[in-house]
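Please open the structure in your viewer and keep the sequence panel beside it. The tour below moves from one selection to the next and says what is to be found at each stop.

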Amino acid sequence: MPEPIIRAFGVLKKCAAKVNMEYGLDPTVGKATMQVAQEVAEGKLNDHFQLVVWQTGSGTQSNMNANEVMHIASAMEINSRSIPNLKILHNSLHSKSVEFKDIVKIGRTHTQDVTPLTLGQEFSGYTMQVKYGIDRVMCTLPRMYQLAQGGTAVGTGLNTKKGYALFLGWNDIAPVVVFDVRIAASVAEETSLPFATAENKFEALGKVNPTQCEALTMVCAQVMGNRAAITIGGSNGHFELNVYKPMIASGMLHSVRLLGDSSASFENCVKGILANKERISKLLHEQLQRKPTRKELHLR
């Protein structure tokens, strides 16, 4: 799994242990959990998390809290890496648009020359594109900060602490557990980001786990992405020289490895498939005994 996901495991587990000590968790266990979780959050135990991306779609094998963890990891990466670097790029492009404000160049549409403009005006367009990109990313964060912690498996809050449930959200049907609010607040304190418990756990969660099938479909999606990259690389050589070969080779080998490994894994599912003979026979005979409709007779 990606390193930010592993680090987010540590953040969430540390906060969960901290809050649960307030609700009766043995302090010895809680403090030990917090200490180990801090090491996970710092990346010191990355080598111990050896499961790959290609597992059940909800990430259950890695951790049952993969939904919350994904939000934490994504929000932290967006705030620490994506937004700062995009802002640096935006500032550099803006500086160039000012620097080039007096340089007049010929404009182009497709491959044809058209009316003139300044190079600064051209770069101002790039600047604005990046600004709008930053704005769109920022608009995703309020939903990203909502944590599904406490919804348990499907959003009902089943098996959460007795006596701590409040009914909030859509038509007062979505359970939100008080200590989950505390956990979200603890995550917010730990990360300096405004995390909060999700308004509706059913929306934030909700999952069924046909593990092998989910893993295989994710592999297929990645292979299709690799194929698109390889196709683009193959179509963009410079004259007689193709300068995309490292990427083409990497994408091809990645796909070959993924397809091979996932096929071997999926075989464990295939060899366990059983035919429901009774159901098959029932449907067969029902169809054979059914009187055909007028339309069906016409088609014959």
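Begin by selecting Ser-192, which at 65% relative accessibility counts as exposed, where exposed stands for over 50% relative accessible area, buried for under 20% and partly exposed for what lies in between, with a 1.4 Å probe and protein chains only. Ser-192 is found in the loop between H5 and strand S6 (196–197), helices being DSSP runs of H or I with at least four residues and strands runs of E with at least two, numbered from the N terminus. Its phi is positive, about 60 degrees, although Ser-192 is not a glycine. Most residues other than glycine have a negative phi.

Before going further, note that this is a predicted model, in which local features need pLDDT of at least 70 and side-chain atom pairs count only at pLDDT 80 or more, while totals for chains, interfaces and linings use all residues. Residues are numbered from 1 along each chain as its sequence is written, and side-chain values use heavy atoms, with hydrogens and water left out.

**The whole chain**

Zoom out to the protein chain, which has 10 helices and six strands. Buried residues make up 30% of its 300 residues. Among the contacts between residues at least 6 apart in sequence, 66% join residues at least 24 apart, contact meaning heavy atoms within 4.5 Å.

**Ser-186 in H5**

Next select Ser-186, which is found in helix H5 (residues 178–191). Ser-186 is buried, with a relative accessible area of 7%. If its neighbours within four places in sequence are left aside, Ser-186 is in contact with Cys-15, Lys-18 and Val-19.

**H1 against H2**

Now display helix H1 (residues 3–21) together with helix H2 (27–41). How do two packed helices get described? By the angle between their axes and the distance between the axes. Here the axes of H1 and H2 come within 7 Å and cross at roughly 160 degrees, the axes being lines fitted to C-alpha atoms, for helices over the stretch in contact, with angles that run from 0 to 180 degrees between N-to-C directions. H1 and H2 are therefore roughly antiparallel to each other, a label for angles over 145 degrees, whereas under 35 counts as roughly parallel, 65 to 115 as roughly perpendicular and the rest as oblique. The crossing of H1 and H2 is left-handed, that is, the near helix is turned anticlockwise from the far one by less than a right angle, clockwise being right-handed. Residues that make the contact include Ile-6, Phe-9, Gly-10 and Ala-17 of H1 and Gly-30, Met-34 and Ala-37 of H2. By class, this contact has 10 nonpolar, four polar and five charged residues, with Ala, Val, Leu, Ile, Met, Phe, Trp, Tyr, Cys and Pro counted as nonpolar, Asp, Glu, Lys and Arg as charged, and the others, Gly among them, as polar.

**Aromatic rings**

How many aromatic pairs does a search of the whole structure find? The search finds four, where rings of Phe, Tyr and Trp (its six-membered ring) pair if their centres lie within 6.5 Å, and planes under 30 degrees apart count as stacked, over 60 as edge-to-face and the rest as tilted. Select Phe-9 and Phe-49, whose ring centres are 5.9 Å apart with planes at 25 degrees, so the pair is stacked. Phe-9 lies in H1 and Phe-49 in the loop between H2 and helix H3 (66–99), so the pair ties together parts that are 40 residues apart in sequence. Phe-9 is buried, with a relative accessible area of 4%, whereas Phe-49 is partly exposed, at 31%.

Move on to Phe-123 and Tyr-126, whose ring centres are 5.2 Å apart with planes at 70 degrees, so this pair is edge-to-face. Both lie in helix H4 (residues 119–144), three residues apart, about one turn of the helix. Tyr-126 counts as partly exposed, at 35% relative accessibility.

**Leu-93 in H3**

Finish at Leu-93, which has its place in helix H3 and at 14% relative accessibility counts as buried. Leaving aside neighbours within four places in sequence, Leu-93 is in contact with Phe-123, Tyr-126, Thr-127 and Val-130. From Leu-93 to Met-128 the distance is 9.1 Å, C-alpha to C-alpha, and the two are 35 residues apart in sequence.
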